[in-house]
Amino acid sequence: MSYKSAHAFAYSLATTLMVSIIVFRAGDGTLSVVPASEFDGSTDAIVNEIDPFP
């Protein structure tokens, strides 16, 4: 997934679920998104965090 697609997906998910979403780079170099409460990886892997509450 490209950064632009991951960011758009994360923003949509964050505003729909009203939870913070983490965009992270997996071990194979791909980007993925997950709710912040479920992220248990290294903080070095985090590319962006989307918070629906400004």
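Predicted model: local features only at pLDDT ≥ 70, side-chain atom pairs only at ≥ 80, totals over all residues.
The mean pLDDT of the chain is 93, and 100% of its residues reach 70 or more. Among the elements, strand 1 (residues 21-25) has the highest mean pLDDT, at 96, while helix 1 (residues 3-17) has the lowest, at 93.

Now follow the chain along its sequence. Along its principal axes, the C-alpha trace spans about 30 × 20 × 15 Å.

What lies inside, and what faces out? Of the 54 residues, 26% count as buried. The accessible surface comes to about 3,600 Å², and carbon and sulfur atoms account for 55% of that area. As for how the chain meets itself, take the contacts between residues at least 6 apart in sequence: 46% of them join residues at least 24 apart.

Let us finish with the rings. The chain has 1 aromatic pair, formed by F24 and F39, whose centres are 5.3 Å apart and whose planes make an angle of 50°, a tilted arrangement. F24 lies in strand 1 and F39 in the loop between strand 2 (31-35) and strand 3 (46-50), so the pair ties together parts that are 15 residues apart in sequence. Buried means under 20% relative accessible area: F24 counts as buried at 18%, and F39 counts as buried at 19%.

How values were computed. Residues numbered from 1 in each chain as written. Heavy atoms only, no water. Buried < 20%, exposed > 50% of the residue type's maximum accessible area, 1.4 Å probe, protein only. Contact = heavy atoms within 4.5 Å. Areas by Shrake-Rupley, 256 points an atom, 1.4 Å probe, with all protein chains shown as cover. pLDDT = per-residue confidence, 0-100. Helix = DSSP H or I, 4+ residues; strand = E, 2+ residues; numbered from the N terminus. Phe/Tyr/Trp six-rings, centres within 6.5 Å; stacked < 30°, edge-to-face > 60°.
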